[in-house]
Every structure is written in C-alpha cells, then in structure tokens.
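Please keep the sequence and the model at hand while reading.

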Amino acid sequence: MKTQNQRAWLFVLPVLFLVAFNALIPMMTVVNYSVQETFGDNLFFWEGLRWFEEVLRSERFHNALGRQFFFTFMILIIEVPLGVAIALAMPRKGPWVPVCLVLMALPMLIPWNVVGAMWNIFTLPDIGLLGYFLNHVVGISYDMTQDPVAAWVTIIVMDVWHWTSLVVLLAYAGLVSIPNAYYQAAEIDGASNWAVFRFIQLPKMKTVLTIAVLLRFMDSFNIYTEPFVLTGGGPGNSTTLLSIDLVKIALGQFDLGPAAAMSLIYFAITLFASWLFYTVMTKDDNKA
Amino acid sequence: MAQIKLSNLRHSYHPDPKGDADYALKKIDLTWEDGGAYALLGPSGCGKSTLLNIISGLLVPSEGKILFDDQDVTTLPPAKRNIAQVFQFPVIYDTMTVYDNLAFPLRNRGRDEDIIKKRVTGIAEMLEVTDMLNVRAANLSPDNKQKISMGRGLVREDVNVVMFDEPLTVIDPHLKWKLRSKLKELHQRVKATMIYVTHDQTEALTFADKVVVMQDGEIVQMGTPVELFERPTHTFVGHFIGSPGMNVLPCDVKEGAAFFGDAQVALEGPAQGVANGAAEIGIRPEFVTIEKSGAGVSAQVRKVSDVGRHKVVEAIAHNQRIHAILEGEAPSAGEAVTLSFKQSQTRLYKDGWLASTPGEAA
C-alpha cells in the first residue's frame with residue numbers, strides 16, 4: 001500500500017492565503033455588489049442579474065467599449081511593427097548596444113501619471129513645446145482640449161512613445177538569440193533580405209512577440225492613468241475609455257451595483273480576448 | 001564541380017595585424033582536387049572554421065586568393081560561389097515543411113517547380129527522408145534536422161564543394177556512426193568535393209580520403225590516414241592522431257646517432273641536418289615492445305590499462321612517459337622492464353618537424 005501523507009497540503013496553504021487576499025476575496029466582493037442594490041448604510045437588496053442586463057444594453061457602455069477596442073487596436077497595429085522595425089535596425093554588437101538599450105528602456109521607467117502630465121504640458125497650445133510648434137510655427141490648429149481628433153492622436157502617440165520600447169526590447173531579445181549560422185546558411189541558400197526576415201527572424205521572434213502582443217493588449221485594454229491625466233476622458237466623452245468610465249460610475253456616481261457588473265464584464269472580455277489570442281498564436285506549435 | 005585552390009592565404013580578425021600572433025590563418029597554400037573527400041582536422045581554435053568560412057565566402061581573407069578552377073572568387077559572396085555548407089547545429093527553417101526546406105535554395109534561384117520537385121524527391125530518397133517530406137521541419141529529431149541541412153546543400157545541381165563544420169556535434173553517439181556512413185555513401189553517389197571539419201580523429205580518418213591537419217593557423221600535414229599514422233611530418237600530428245598518440249622523447253644527437261638517456265636508439269634512417277644537438281625521437285605506442293630483461297631502454301611500469309582489444313602500458317624512463325600497446329600478456333605496475341623500438345618506425349624530429357628519412361642508418 002502506498003503511504004498517503006496529507007500533511008503535504010500544509011505547504012499549499014500560504015499560497016492559498018495570499019491568493020485569497022489579493023484576488024479571490026476582492027473579486028468575490030465585486031461579485032457580491034454586482035447582484036445587489038445599496039443606498040448606503042450598508043443596506044443591500046437583491047437585484048439578480050439586473051445590473052448585467054442594464055450594462056450590456058447601455059449605449060454608454062457600448063461606446064466606451066468601442067473606444068477601448070479602437071484604442072487597443074490602434075496602438076497594437078502601430079507599436080508591434082514599429083517595435084520590430086526598431087529592433088531590426090538596432091546594432092547587435094559593438095559599443096552602441098548598451099546605449100541603445102538604455103535609451104529604449106528610458107520611457108518605460110517613467111511613472112504613468114508623470115507620462116500623462118508630461119504629454120499634457122508638452123501639447124499645450126500656448127506654452128507646450130509641441131503644441132506651440134504645431135499651432136504657431138507649422139500653423140495647424142491643434143488643441144486636444146477642444147478637438148477630439150487631436151485628443152485621440154495625442155493619447156495614441158503618447159502610448160506609442162511610452163510602450164513601443166517594450167516591444168523593441170522583447171523583439172531584440174528574440175533577434176540576438178538567433179545563432180549566426182542561420183544567417184550564414186540563408187546567405188548560402190541565396191535567400192533575400194525579405195526571406196531572411198520571413199523565414200528566420202520572424203519565426204524565431206514569434207514566442208517573444210506573442211508575449212509582447214499579449215502584454216500590450218492587456219495593458220492597453222486596462223489603461224487608466226495616462227489618458228485620465230492627459231485628457232480626463234474629454235473633450236466631452238470622446239476619449240473616455242472603459243476604465244475611465246468605470247471609475248466615473250463607481251466613484252463619481254457611486255453606483256456600486258452597475259459598476260461591479262461592468263467590472264466583471266470588462267474582466268471577462270479581457271480574459272477571453274487574451275485566451276483567444278494566445279490559443280490562436282500557439283495553435284500550430286504542436287501541429288505536425 | 002571544381003578544383004579549389006588556396007594561394008598565399010592569410011587572415012586576421014584584427015583590423016591592423018602586427019605579428020604572426022595576430023593572424024588566425026598564417027599562410028595557407030592548398031589545393032583541393034575535384035571530387036575528393038577531405039577532412040580538416042585540428043584542435044579547437046586552430047583556424048579550421050576560419051578557413052572554411054573563407055572558402056564558402058562568409059569571410060573575405062586579409063591576404064591571398066581563392067581560385068575555383070582557376071577563376072578568382074576571393075571577393076564573391078557565398079550565393080554566387082555555388083557552394084554548400086552544413087553547420088555544427090542543424091539549421092532548418094522552422095516554419096516550413098521538409099519539402100519546402102529542401103526546395104528553398106532552388107526557389108531562391110528561381111528554378112521551375114517541376115525541376116525542384118524532381119531534385120527534392122531525388123535528394124529525399126538519397127537521405128531516406130521521403131516519408132517526412134510533408135512534416136514540419138521544426139518537429140524533426142536532431143539527426144534528421146542535420147540530414148535536411150545537408151540535403152539543402154546537395155539539392156543544387158553542380159555544387160562546387162560541400163563543407164561540413166563539425167556536423168555531428170549535437171547528434172546522439174549511436175546515430176553519429178550511422179550519419180557518418182550516410183555521408184560517405186553520399187559522397188560516392190554525388191561525387192562532389194566534400195570538406196569535413198572536425199576535431200575528432202575518428203570522424204576525420206573514417207570519412208576522408210585525405211586529411212589536412214591544422215595547428216595554430218597553419219597546415220601541418222596533408223595526407224592519407226595511413227600516411228598520417230605512419231609518418232607524421234610533425235610531432236603535433238603524431239600526438240594528435242592515434243590513441244594514445246605518438247611517444248615523443250627528447251634525445252641527444254651525437255654524430256648522427258640518437259641517444260635517449262645513455263642508450264642509443266636506432267633510427268629508421270639518416271637524419272638530415274641534425275648531426276649534433278638536441279632533438280626528439282618519435283615512436284608510436286604500437287611499435288614499442290616490452291620485455292622483462294634484455295637490451296634496450298630500461299624503464300619502470302607505472303600503469304596498465306585494459307582497453308579491451310589490447311592493453312596500454314604506461315612506463316617511465318629517464319623521467320619520460322612512454323606508452324606501449326600490447327596484445328596479450330602485459331607486465332604489472334611497478335615492474336622493471338626494458339623497452340625496445342621497432343627500428344623502421346622510429347623517427348627523428350628536430351624542432352617538431354620530421355628530420356629522418358627511411359634508409360640505412362648513418
């Protein structure tokens with residue numbers, strides 16, 4: 001007979017404890033809110049799935065979700081190819097490697113709210129370097145507090161500035177791990193530069209790029225601080241992304257029930273999109 | 001198909017080489033005959049891979065020329081030289097099937113799909129990978145991956161030379177032997193010149209008709225495996241080839257006769273240019289015999305190792321270690337014995353280079 005020692009479970013306890021306090025309990029609190037109505041004084045009334053229905057039917061939610069997808073789509077479609085292109089252009093050996101790496105890492109070291117504030121000042125039409133330059137030197141009317149297009153351009157450019165480096169560094173790590181023999185073999189096989197990229201560099205970068213896209217997707221889908229500091233969701237509601245809207249409902253209007261339901265839907269969408277993407281990207285890894 | 005001639009080749013990785021020490025290749029003059037099976041043998045860092053990369057065009061030599069059939073290709077890029085190279089680690093295009101991998105070099109050169117199909121199926125059959133043609137190359141075992149990288153070299157009509165840079169490094173021991181005989185078979189079928197770089201003497205001696213031994217950026221000897229074994233022109237070759245390598249013993253030469261300690265050792269023949277002074281005697285362990293008593297070099301047995309087919313005896317004489325290979329009975333450790341050397345196989349080396357010639361001793 002095999003000895004069974006149940007005491008091994010004790011080793012799992014600390015982790016269970018940690019996970020319970022930083023994930024399970026907060027999450028269950030939200031679940032709890034999402035099916036109840038409260039008027040303060042810690043009095044709750046059962047509401048069932050009413051908040052979920054309301055959120056899913058609300059035009060406000062649809063619009064915020066649409067803006068959120070648009071934002072994420074735009075930054076992914078810019079940052080990933082741009083990051084790969086910069087990584088390809090970076091030197092792979094020599095004294096410039098550390099210089100490039102440090103320059104690339106710099107934007108990522110800046111705190112989110114500082115990035116937002118920086119870009120806010122940078123783009124002010126009367127005193128900001130970029131804002132003044134565009135308005136008074138180039139002669140384009142550019143004011144993101146008035147013009148939704150300018151606001152959108154600014155938050156996208158700001159995110160590209162802040163996070164393209166992440167894609168660059170990951171892609172670069174993938175590139176430098178390719179043994180020289182691959183390039184030599186390709187040269188002997190008479191491969192063009194495009195073929196080298198398509199059949200050697202891109203496949204070898206695939207794993208790190210999957211991670212890069214996944215990270216950028218999750219981060220940008222949950223982004224809050226930078227656009228909040230930069231535009232505050234405006235002008236009007238034009239740059240109110242999901243997270244900004246959520247905070248408005250939860251803390252501005254103190255509608256805990258709808259906010260909780262919205263959080264759960266938001267969470268489910270993020271989770272599903274990440275899962276879908278990961279499954280698709282790794283699907284043919286095991287295929288014969 | 002071509003004869004490859006290296007003339008006055010020197011290469012340095014330094015931008016501004018000063019002395020000989022800065023050169024990875026010191027001075028190479030060598031001709032590889034069309035259709036030969038060559039091995040380039042030498043310890044790690046001796047310049048084998050540098051030489052290979054110069055022939056393939058991945059490196060342009062600092063000085064000297066490379067001629068393919070008298071045509072100067074020194075500055076031509078690899079793709080224009082019509083050569084193939086197989087690397088230490090199998091290089092395959094992960095996302096492609098085996099078929100596409102093999103077809104890749106032909107497609108890059110714009111061949112018709114009909115011709116490609118014919119070539120690829122032919123090569124696949126030769127390499128015994130026909131059943132894997134539609135498999136994704138990333139999923140193959142290392143030995144099959146290495147076969148595919150060989151195949152990409154062989155698939156092109158008329159390659160001038162196929163070069164192998166230690167191709168069996170990552171292959172499991174029991175498959176090494178199989179792949180090596182496959183290579184030999186391929187050489188006989190395609191009749192292309194093949195150069196096989198390795199630091200493993202067994203691989204070199206079994207694959208090649210001719211072995212080129214390199215040390216410190218120089219070619220020490222080029223010859224058939226038998227020549228390398230019997231008459232190494234340099235003590236390095238003697239050491240490097242054979243297991244254990246040649247015994248090299250310091251000796252005094254007095255009026256053309258060699259003395260090891262106080263005993264005179266009979267050489268294979270007269271030594272040129274070494275009438276007097278210090279030199280070295282070279283004798284392979286296979287040609288050392290051990291007796292309990294009698295004339296010869298007296299020595300003490302230190303260690304006897306039984307390697308199966310024969311026994312390797314290590315003895316000490318005049319503070320020098322001497323190996324002997326014996327069949328049958330061997331003395332035991334600690335015993336005092338006398339060693340004698342087979343005269344026709346006893347060579348004299350001066351400053352490392354062979355100095356004796358066969359014939360009547362002086």
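The domain bounds used below come from an automatic or database domain assignment. On that basis, the C-alpha centres of domain 1 of chain B and domain 2 of chain B lie 38 Å apart. This is a predicted model, in which local features need pLDDT of at least 70, side-chain atom pairs count only at pLDDT 80 or more, and totals for chains, interfaces and linings use all residues. Residues are numbered from 1 along each chain as its sequence is written, while chains are lettered from A and ligands numbered from 1 in the order in which they are written.

**Chain B: overall build**

- Chain B contains nine helices and 21 strands; helices (H or I, at least four residues) and strands (E, at least two) are DSSP runs, numbered from the N terminus.
- The C-alpha trace of chain B spans about 75 × 45 × 35 Å along its principal axes.
- Of the 362 residues of chain B, 43% count as buried; a residue is buried if 20 or more other C-beta atoms lie within 10 Å of its own, exposed if 12 or fewer, and partly exposed in between, with C-beta atoms placed from the backbone.
- In chain B, 66% of the contacts with a separation of 6 or more are between residues 24 or more positions apart; two residues are in contact if their C-beta atoms, placed from the backbone, lie within 7 Å.

**Chain B: domains and annotation**

- Chain B is divided into domain 1, residues 4–235, and domain 2, residues 244–354.
- Five residues from domain 1 of chain B and eight residues from domain 2 of chain B make up the contact.
- The side of domain 1 of chain B that touches domain 2 of chain B has one nonpolar, three polar and one charged residue; Ala, Val, Leu, Ile, Met, Phe, Trp, Tyr, Cys and Pro count as nonpolar, Asp, Glu, Lys and Arg as charged, and the others, Gly among them, as polar.
- An unreviewed UniProt entry places the feature "domain: ABC transporter" at residues 4–241 of chain B; UniProt positions are given in the numbering used here, feature names are shortened, and annotations may be inferred rather than shown by experiment.
- Over residues 4–241 of chain B, the chain is 37% helix and 25% strand.

**Chain B: sheet and cores**

- Six strands of chain B form an open antiparallel sheet in the order 13-12-11-14-20-21; two strands pair if DSSP finds at least two bridges between them.
- Strand 13 (263–265) and strand 21 (353–354) of chain B stand at the edges with a single partner strand each, so one side of each has no neighbour in the sheet.
- Strand 11 (residues 247–254) and strand 14 (residues 277–283) of chain B run antiparallel and are joined by seven bridges; B:Asp252 has B:Ala278 in strand 14 as its bridge partner.
- The largest nonpolar core has 77 residues, and those with the most contacts inside it are B:Tyr38, B:Ala39, B:Leu40, B:Ile195 and B:Tyr196; such a core is a set of buried Ala, Val, Leu, Ile, Met, Phe, Trp, Tyr and Cys residues joined through C-beta atoms within 7 Å.
- A second, separate core of 31 residues includes B:Val288, B:Ile290, B:Val297 and B:Tyr349.
- Leaving aside neighbours within four places in sequence, B:Tyr196 is in contact with residues including B:Phe164, B:Ala204 and B:Phe207.

**Chain B: the position of B:Gly36**

- B:Gly36 lies in the loop between strand 2 (23–32) and strand 3 (37–41) of chain B.
- B:Gly36 is partly exposed, because 19 other C-beta atoms lie within 10 Å.
- Apart from neighbours within four places in sequence, B:Gly36 is in contact with B:Thr193, B:Asp209 and B:Lys210.

- Chain A is divided into domain 1, residues 27–57 + 255–288, and domain 2, residues 72–251.
- The C-alpha centres of domain 1 of chain A and domain 2 of chain A lie 29 Å apart.
- An unreviewed UniProt entry places "domain: ABC transmembrane type-1" at residues 65–277 of chain A, a stretch that is 78% helix and 0% strand.
- The contact between the chains takes 16 residues of chain A and 22 residues of chain B.
- Helix 8 (180–188) and helix 9 (193–221) of chain A each give two or more residues to the side that touches chain B; helix 8 of chain A gives the largest share, six residues.
- The side of chain A that touches chain B has eleven nonpolar, two polar and three charged residues.
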